[in-house]
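Subject: Structure handover

Dear colleague,

Please find below the structure that I am handing over to you, followed by some notes on what was found in it.

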Amino acid sequence: MKKLFYFLTLFAICVNAQIVNIKITDFSSNLPLDDADVYFKNSTKNFVSDQEGKAVVDLSNVTQNDELIVSKKDYQDAIIKVSELKPEMIIKLEKVSEVELKEAFVTNLKAEDILQKVIENYDKNFNTEQHFYKVNFVLDEVVDSTKRDFIDLDLQLRFKKDNLSIKSYNRVNIRIINEPNYGYIIKLNPILGEISLKNKVNSYLKYYTKYKVSTVNLTMYGNELMYEFYLLDHVYHRFLIAKDSYAIVEYSMDAEDLKFNKEKQTVNFVNTYYKYRPYQGKYILKELMRTWSTDYKENDGSDHNVNVKINLEVKDFSTQPFPEFNKSVNEKMDIRRSFK
């Protein structure tokens, strides 16, 4: 594969700047690239580009000999030494050639074989011991287009053998309540569940024959070759799995028009998306998003609609707790009720 080529435009020069404003664009079209991953080789901080391709990178506590990595699926990485970063930069990513991918694609593996290898390599790829995530959590629920409950929190999530506990520093970034009416109880425990998706993959393997399965394609993320395929029954499941390590890098699930007669509700749509990033030979959760829209009937016969958006973005992670988070949050309770 040809050598990575990226282009930097410098607007200012400032040695040892603590903040770097970058804009990420396509090398050929100059169009902004959103949802590009920005992280360091050694530091545990994470960032992501917005719809304009922009990301604000905090260099505090990052060493000068570290490297900044900018990654996006189907593109070659940009890797820049921290000592060479400037306050304002444009980083252009070049798409991976389809010809190069086809030349690299030599496998007889089926989707079922790849999922089996995900399980076999689980302990190697995911940190199953105790670890801590510093996350920004945003929940926005709208009932009947008028009743809104919005909350923006910074939380610490502790996982130990995939068991979850939550702490906060007892502050809320933003809270909006208009005629509070909780359409759903929102608990983080079942939403996060097992962040490595191990049980989900085992379930797919158990019932594999009931799915329509796509062919396995090859793409790239983080300068690694990736297997990409989907499983389909009444729900669409897409996987992006590292070719060499068999770690899940992205997983998404999409469904429409799911009817539950017993609960008297129809799920108009539901979308779930997990993204992971490499770090020292393992993969770490970077982002989790979930949205859904449901029509339901109350016991009094009235009809209602609820729309929910959840975004969880990992800002940092560690094997030790973050000292500013000292208030325990009941993970079995609706997350909003802990912050009245």
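Where in the chain is confidence lowest, and where is it highest? The lowest mean, 43, belongs to strand 1 (residues 8–10), and the highest, 94, to strand 16 (residues 236–242), where confidence is pLDDT, the predictor's score for each residue on a scale from 0 to 100, and where helices (H or I, at least four residues) and strands (E, at least two) are DSSP runs numbered from the N terminus.

This is a predicted model, in which local features need pLDDT of at least 70 and side-chain atom pairs count only at pLDDT 80 or more, while totals for chains, interfaces and linings use all residues. Residues are numbered from 1 along each chain as its sequence is written, and side-chain values use heavy atoms, with hydrogens and water left out.

Over the chain the mean pLDDT is 83, with 88% of the residues at 70 or more.

On helix packing, helix 2 (residues 111–120) and helix 5 (residues 198–206) have axes that come within 10 Å and cross at roughly 145 degrees, the axes being lines fitted to C-alpha atoms, for helices over the stretch in contact, and the angles running from 0 to 180 degrees between N-to-C directions. On the side of helix 2 the contact involves E112, L115, Q116, V118 and I119, which meet K198, V201, N202, Y204 and L205 of helix 5. By class, this contact has six nonpolar, two polar and two charged residues, with Ala, Val, Leu, Ile, Met, Phe, Trp, Tyr, Cys and Pro counted as nonpolar, Asp, Glu, Lys and Arg as charged, and the others, Gly among them, as polar.

There is also an open sheet of four strands, in the order 4-3-6-7 with antiparallel pairing, where two strands pair if DSSP finds at least two bridges between them. Its edges are strand 4 (46–48) and strand 7 (78–81), each pairing on one side only. Strand 6 (residues 67–71) is joined to strand 7 by four bridges, and V70 has A78 in strand 7 as its bridge partner.

Most residues other than glycine have a negative phi.

Kind regards

Conventions: Contact means heavy atoms within 4.5 Å.
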